[in-house]
Amino acid sequence: MHFSITKYNAPDFDGELFVNAPDVCYEAVEIDGVAPDNYHSTSMFPEYFKIGGKWHLATESRMDSSVVIGENDKLFVVENRNLKKGDKVILGRTENCEDGIYVHVNGFSEPDADIDDRFVFRRGRSRETAFTKDYDKLIELLRYEKEHGNILWVMGPAFSFDYDARHAMEALINNGYAHGIMAGNALATHDLEGALLHTALGQDIYTQRPHRNGHYNHLDVINKVRKSGSIRQFIDDHGIDNGIMNSVIRNDVPFVLTGSIRDDGPLPEVIGDAYEGQNKMRGLVKKATTVICLATMLHTIATGNMTPSFTVGDDGEIRPVYLYCVDAAEFAVNKLADRGSLSAVGIVTNVQDFITIIAKGLGIID
């Protein structure tokens, strides 16, 4: 199978609908972090705004944020909490040029797609769904993105509980199929536990047999990492030569670990402030062209909310952002897929099997 990027169909701005549309209205922010009444809230789709008679694309978008007009009419999509006094926020809650705002939901559809069919891309996927074609497409996509794009993995701790899954993910990272990693305290903690003690939550990662006093193992590892001062230093101090975090560190792959109120420790790099963590995650999402979320419902939904269906390259070309959700829970998969089938593909399976199939399909493990 030969992979090719889905081509973008730009709106025809010479059409009567666009020519006759008014310029957008805006209002300056009066209080930091408070949007003016009737602010326009962004979607996952490409959105255009008419300013001075010309249509402008908000090139870095995300859901549920405001649009600020900057110098030279450059548009910035800003979370409302990050608005500053004086920011010029675009107003209007229509999406079909009535307020100088156009939400282009069919940019990656066939040219004759129903333009009024905006939010009906929903499709249920279950354990009975056949995913063979999805695997084939994803494997070809990853081959393409390794050379031309940016692959972001969003991972729950399930990987660290299985020997084969850790080995497969390690191989993906070592072979250039990861340009960013997002996870929580648990993934990194139990992966490092596996690397140092061959256990996860006290169970052997291969045989699944519990070790005596094994419930101390992850706490001991956290303690040792905190003593070292960082994950990188811990890896050096203890001669770690395997695992996901070891591969991330050795290959200088950017990572963001965001914490939760239930975390043990946490590890030194884990960000405890939820909004700081969101900002750091957004930094990686902005660079991503393919996002794969694996067995972490909260991180998946959070990532989905900040991932647009498109990105604009340095050459100005608009291309899709491919978004995958892999989870044994059908709810998690369909929750993300409800955002639109153009950008979200769900695969209902356990991630240990999934990642091993992907690594074997790419020919990087036996």
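Which residue just after α4 takes a positive phi? The legends below take up this question and then turn to the strands.

**View 1. Helix α4 and the residue that follows.** This is a predicted model, in which local features need pLDDT of at least 70 and side-chain atom pairs count only at pLDDT 80 or more, while totals for chains, interfaces and linings use all residues. Residues are numbered from 1 along each chain as its sequence is written, and side-chain values use heavy atoms, with hydrogens and water left out. Helix α4 covers residues 185-197, where helices (H or I, at least four residues) and strands (E, at least two) are DSSP runs numbered from the N terminus. Just after α4, H198 takes a positive phi of about 60°.

**View 2. Cover over α4.** Of the 13 residues of α4, 10 are buried, meaning under 20% relative accessible area (1.4 Å probe, protein chains only). Among them are N185, L187, H190 and L192.

**View 3. The open sheet of 3 strands.** The strands stand in the order β3-β2-β7 with antiparallel pairing, and the edge strands, β3 (54-57) and β7 (101-103), each pair on one side only. Two strands pair if DSSP finds at least two bridges between them; β2 (residues 47-51) and β3 have 4 bridges, and Y48 has L57 in β3 as its bridge partner.

**View 4. The β4-β5 hairpin.** Strands β4 (residues 66-69) and β5 (residues 75-78) pair in the antiparallel sense over 4 bridges, with L75 in β5 as the bridge partner of I69. The hairpin has 5 residues between its strands, and N72 in the turn has a positive phi of about 55°.

How values were computed:
Expected span 1.5 Å × (residues − 1). Buried < 20%, exposed > 50% of the residue type's maximum accessible area, 1.4 Å probe, protein only.
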